[in-house]
Amino acid sequence: MASVRCRRDPCGVICLILTYFSVFYADYVVIQYVLIPAYSGSVWCTLHGSVFNLILLLLLACHSKAVFSDPGMVPLPDTAIDFSDLRSQSSRMSERGCEGWTVCSRCETYRPPRAHHCRVCQRCIRRMDHHCPWINNCVGELNQKYFIQFLFYTVLSLIASNSSSVSIISTFTYFFLFHSAHYIILLVESVLFGVFVMVIFYDQLVSIITDETPIEQMRNRLTLSHTRKPKLALLREVFGRGSIFCWLLPLHSSPPSVSGITYSALPDYDV
């Protein structure tokens with residue numbers, strides 16, 4: 001489970017409520033004011049409604065996994081680190097072959113390479129991408145897959161909710177005289193969220209295939225001599241090494257390892 005601290009973020013709680021409200025409102029408008037008035041009694045009404053609700057179900061499942069999954073929080077030490085002995089500790093770390101490990105002065109813990117501190121969660125997150133208020137959680141090494149799936153199904157739901165617009169032209173007078181307000185609200189919601197989500201979705205894919213998180217881009221932590229892995233291998237580190245079709249489902253995948261470093265155990269603290 002993710003840290004309880006980030007659950008107390010007021011902005012994150014509001015965004016969670018807004019997310020679920022938007023999803024259920026879109027479902028209500030599509031079923032009640034689009035499909036039933038225009039296609040009542042037809043196979044298209046049942047088919048479109050079933051597909052749309054299946055997309056929303058996958059959307060909510062992926063969102064829940066992104067919300068409640070551990071993003072990759074670095075375990076806290078049993079005892080506080082003695083920062084007066086930091087240099088000797090760092091030298092011993094190098095002797096153990098743990099180059100790239102750093103010390104977080106806020107968490108007072110050793111963190112693996114590419115881990116960063118989140119001010120909202122107040123913990124260090126492995127391969128942290130950013131803290132997302134829409135899931136009230138960090139996007140990190142262990143839940144980035146679910147976050148991207150959530151974005152993907154959000155785009156699909158926005159497309160499906162407006163796919164009947166062309167056919168509704170035949171019922172233009174009826175629809176816009178009695179139900180224009182709901183449809184306009186749904187259209188505005190689709191446009192605003194659609195542009196926003198597609199930009200984030202593109203940014204997430206770019207950060208994966210370039211093997212560089214936004215934090216690393218800003219801080220220029222990756223040098224020019226950094227050897228990049230094949231794009232497919234980088235995608236498999238996030239989505240798992242199974243079938244590509246499984247990438248669309250919120251299934252659990254084994255934690256990835258970077259450069260042979262696993263995070264199941266931390267180095268000795270010797271404090």
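Helices (H or I, at least four residues) and strands (E, at least two) are DSSP runs, numbered from the N terminus. The model discussed here is predicted.

Me: How many helices and strands does the secondary structure of the protein chain come to?
Reply: Along the sequence, the pattern reads α-α-α-β-β-β-β-β-β-α-α-α-α-α. Counted by type, the protein chain has eight helices and six strands.

Me: Are helix 1 and helix 2 roughly parallel or roughly antiparallel to each other?
Reply: Helix 1 (residues 10-39) and helix 2 (residues 43-68) pack with their axes 10 Å apart, at an angle of about 175 degrees. Angles over 145 degrees count as roughly antiparallel. Helix 1 and helix 2 are therefore roughly antiparallel.

Me: How many nonpolar residues does the contact of helix 1 with helix 2 have?
Reply: On the helix 1 side, the residues in contact include Leu16, Val23 and Phe24, and on the helix 2 side they include Trp44, Phe52 and Leu56. By class, the contact has six polar residues, one charged and, as for nonpolar residues, 17.

Me: How many of the 18 residues of helix 4 are buried?
Reply: Helix 4 covers residues 144-161 and reaches 26 Å from its first C-alpha to its last, close to the 26 Å expected. A residue counts as buried when its relative accessible area is under 20%. Helix 4 is mostly covered, and its number of buried residues is 15.

Me: Which residue follows helix 8?
Reply: Helix 8 spans residues 231-239, and its buried residues include Val238 and Phe239. The residue that follows helix 8 has a positive phi, near 105 degrees, and is Gly240.

Key. Residues numbered from 1 in each chain as written. Predicted model: local features only at pLDDT ≥ 70, side-chain atom pairs only at ≥ 80, totals over all residues. Heavy atoms only, no water. Axes fitted to C-alpha atoms, helices over the stretch in contact; angles between N-to-C directions. Parallel < 35°, antiparallel > 145°, perpendicular 65-115°, else oblique. Contact = heavy atoms within 4.5 Å. Nonpolar A, V, L, I, M, F, W, Y, C, P; charged D, E, K, R; others polar. Expected span 1.5 Å × (residues − 1). Buried < 20%, exposed > 50% of the residue type's maximum accessible area, 1.4 Å probe, protein only.
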